[in-house]
Amino acid sequence: MNTRTFVVQPRLPEPLEPLRTLAYNLWWSWNPPATDLFRRLDVDLWETCGHNPVVMLGQISQERLERMARDDAFVAQLTRVMDAFYIYHEGRTWFGERFPQFKNQLVAYFSAEFGIHESLPIYSGGLGVLAGDHLKSASDLGVPLIGVGLMYRNGYFEQQLTQDGSQLDIYNAYDFHRWPATQALTPEGAPVRVTVHMGEQAVIAQVWTARVGRVRLFLLDADLPDNPPEYRSVTHRLYGGDSTMRIRQEILLGVGGMRVLRAVGVAPDVCHMNEGHAAFLALERIRLAMVEKNLTYHQAREATCGGNLFTTHTPVPAGIDRFDPKLVESHLEWMARDLGISMNELLSIGRENPADLTEEFCMAILALRLAYRSNGVSRLHGEVSRGMWKSCWPNVPRDEIPITHVTNGIHLRSWTSATMGELFEQYLGPTWAEDTGDPELWQRISSIPDAEIWRVHERRRERLITFARRRLRDELTRRGAPPAEIEAAESILDPKALTIGFARRFAPYKRATLILRNIERLATLVNNSNRPVQIIFAGKAHPRDGAGKELIKQLMATIRKPELRRRIVLLENYDINLARELVQGVDVWLNNPIRPLEASGTSGMKVIANGGLNASCLDGWWIEAYNGENGWAIGDGRVYEDNAYRDQVESDAMYNLFESEILPLFYDRGDDGLPRRWLARVKQSMRTIAPFFNTHRMLREYSEQLYTPAMTRYRHLSADTFRAARDLSAWKDDLRQRWNQIQIVDVSADAPGVLKVGDSLSLRARVKLGAIDPKDVNVEIYVGPISPTGEIVHGKRVMMRRAGDADGAQLYEGSIICASSGQHGYSVEVVPNHADLAEPHDNDLVVWG
């Protein structure tokens with residue numbers, strides 16, 4: 001049968017026509033008055049439709065629409081919301097006022113997943129939710145940014161649990177016409193399409209556009225009849241399939257994403273790779289520059305790398321995508337041919353040791369090598385990343401590895417409950433959501449009466465318990481549980497009890513079951529009639545993570561014990577909607593990963609503005625946030641070699657914390673029934689954590705430290721038909737050929753063996769440069785404390801000055817100021833010097849002496 005399709009849109013009465021505009025811009029999702037409009041149309045239908053306004057407008061009765069069009073109060077609210085919508089889009093922005101010189105430049109933000117709202121299910125967890133919050137803050141601040149991702153027909157899987165806790169991975173087939181996204185069209189009205197080769201196969205993808213406030217998000221969809229079935233499935237499942245499927249997804253994201261931007265008339269100055277999944281975009285940028293600007297491979301690489309940024313989110317090598325060289329060759333031989341390089345040369349860009357022909361191809365290394373700047377997502381993760389990737393810069397000290405950090409944050413308006421937001425508007429000011437990075441604004445938290453914060457938070461906890469009961473009842477009904485068990489779900493949990501939330505991916509390193517190590521002690525905690533505790537768990541295990549699935553089974557078996565079953569629940573299918581209910585209602589957010597395996601973590605940040613507190617191991621973001629009075633630390637942050645001993649020590653520390661500190665503080669009530677010491681800690685948490693751990697602060701840092709420097713560099717390198725890029729490429733080629741002529745003949749110091757703080761140590765070095773011009777190098781002292789292993793740590797570079805010739809060599813002199821006591825060390829290094837170098841070690845040319 002030859003079926004032809006067409007799309008039917010709802011017929012809205014003229015007064016309600018603005019609802020269509022609103023439904024297709026996810027701005028409504030973080031603006032409570034806009035969300036309330038759809039809820040007011042039909043409360044029950046809003047829930048049934050999964051908070052999706054596009055679906056809702058298609059299902060609501062025409063009679064109901066006509067009735068609401070005659071409702072003056074509703075139409076007045078719609079008018080106010082649309083006024084705010086247009087003012088938002090046309091108003092002044094932070095970026096526009098801070099960087100007016102960059103108003104015509106653009107950042108393209110590539111990510112394999114985006115978690116913006118549950119109505120657009122193209123996310124799996126923290127990486128995607130961070131990407132969604134990134135887009136929202138970029139919109140709020142006016143950062144000139146567009147997003148690029150994939151449109152997944154089956155999304156990520158829906159989790160269902162059996163009676164014994166086995167996880168079933170359910171994939172739904174979605175109708176994109178029912179999502180808040182539209183097909184991208186050419187000026188002639190035809191669908192925008194791009195073609196990407198994967199080996200010999202040409203894969204065609206169409207493009208969908210989602211609006212996220214001021215930001216456009218382009219999403220590629222390969223599920224087209226034009227493609228063979230095995231290539232249509234490339235955009236079926238997020239993180240689905242084997243290595244072949246993953247490399248095809250990542251080629252489509254990186255190469256196809258760049259081609260989409262060309263197809264819609266967008267030429268970004270900066271491309272930001274959110275994790276290594278999108279790293280193939282760097283190769284495509286080089287190819288495009290060669291074709292469009294008549295550059296050589298090396299010239300194009302020099303020019304385009306100046307506009308590439310890379311954010312790594314993974315603190316362990318095992319979490320990085322690596323591909324067999326033959327798999328890469330079978331899919332990208334055409335790319336090497338177009339770049340004018342051998343396949344081995346292309347593969348070498350993604351290898352720690354470029355000369356090892358057997359080493360797998362690593363997407364993170366490809367991104368690191370082809371990015372102007374790279375960053376981790378917390379201070380500790382930056383340190384871990386520099387150690388993890390040191391082999392890519394074998395001659396560079398660990399502290400000098402060019403990987404910085406920008407600590408993650410959350411979009412506060414999205415995660416703060418509407419009722420708490422109203423309280424903030426009253427006491428912090430009506431623009432609190434626009435000024436989330438202002439510490440002075442958050443000092444006004446002190447002016448909010450304890451009773452008002454407590455009243456709002458208690459209502460959110462009560463709502464959470466009602467929500468959990470309803471979810472659990474529905475889950476038990478679907479599993480075919482006995483009627484008595486389903487009925488009991490109506491009375492589980494206590495709306496007044498201290499409620500702990502633990503929700504995240506069930507990966508072994510996150511240790512979801514750590515609190516279950518001592519069942520007797522746990523049972524005593526949760527069954528204390530005077531100071532009861534209850535725990536709500538949620539989270540999925542990756543479909544191929546057998547160990548994670550086993551953790552879910554262990555948890556389910558434990559909480560079914562009679563002494564625990566009414567106080568501990570596990571809710572299925574953790575998504576943005578469930579996350580929102582949890583972070584807005586829990587009292588304590590529990591986080592106990594194995595240090596240092598949590599790159600950042602953001603779930604705990606979301607409870608702060610809702611009156612919740614964190615109890616967490618000192619890993620990821622919590623190291624930076626914790627000050628001793630704004631939450632609790634589990635353990636002392638040390639790293640253990642014995643895993644069993646570590647788990648025993650930290651589980652005991654957790655129990656002790658709840659028994660001796662958290663519970664007494666929560667249940668210490670005054671005559672007015674308020675836990676004032678608890679609320680003092682809540683306010684301290686809000687004052688000290690909320691101003692920093694938000695994506696408004698994060699986007700400002702990205703803009704100031706990475707985006708605008710990359711814009712400046714790309715603009716400079718591409719000016720005057722890429723003259724600077726051509727010159728820099730030629731200079732590097734020449735220097736690389738002569739570099740082996742450099743020799744540090746000797747280094748001498750004029751000082752006794754022991755110095756005092758404040759003394760100066762004078763150094764001289766004789767350096768032979770051969771045919772290299774002295775202006776093309778810097779000679780520097782690298783100095784710092786000596787570690788127990790004999791290495792220089794926390795080193796600093798001190799420039800030496802050229803002081804003439806000495807016996808056929810160049811003489812350099814410099815001095816070190818002794819700023820602190822202890823054993824210190826120094827070495828002398830020669831590094832390239834050119835005004836246009838990204839940084840001294842960007843090509844790993846260095847001579848030590």
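On a 1 Å grid over the protein atoms alone, a cavity is a set of points where a 1.4 Å probe fits but cannot get out, and its lining residues have an atom within 4 Å of a point. This is a predicted model, where local features need pLDDT of at least 70, side-chain atom pairs count only at pLDDT 80 or more, and totals for chains, interfaces and linings use all residues. Residues are numbered from 1 along each chain as its sequence is written, and side-chain values use heavy atoms, with hydrogens and water left out.

**The cavities**

Searching the whole structure turns up three cavities of 30 Å³ or more. A volume here is the space filled by probe spheres set on the grid points, which are joined across faces, edges and corners.

| Cavity | Volume | Lining residues |
|---|---|---|
| Largest | about 50 Å³ | Ala112, Leu150, Tyr152, Leu238, Tyr239, Arg246, Gln249, Glu250, Leu253, His277 |

Helix H10 supplies the largest share of the largest cavity's lining, four residues. (Helices, H or I with at least four residues, and strands, E with at least two, are DSSP runs numbered from the N terminus.) Sorted by class, that lining has six nonpolar, two polar and two charged residues. Ala, Val, Leu, Ile, Met, Phe, Trp, Tyr, Cys and Pro count as nonpolar, Asp, Glu, Lys and Arg as charged, and the others, Gly among them, as polar. In the second largest cavity, the lining splits into five nonpolar, no polar and one charged.

**H10 and its partner**

H10 (residues 243–263) also meets helix H13 (residues 325–339): their axes come within 10 Å and cross at roughly 20°. Axes are lines fitted to C-alpha atoms, for helices over the stretch in contact, and angles run from 0 to 180 degrees between N-to-C directions. H10 and H13 are therefore roughly parallel to each other, a label for angles under 35 degrees. Their contact (heavy atoms within 4.5 Å) includes Ile247 and Arg248 of H10 and His331 and Trp334 of H13.

**A pocket**

A pocket is an open set of points with protein on both sides within 12 Å along at least five of seven lines.

Terms used. Angles under 35 degrees count as roughly parallel, over 145 as roughly antiparallel, 65 to 115 as roughly perpendicular and the rest as oblique.
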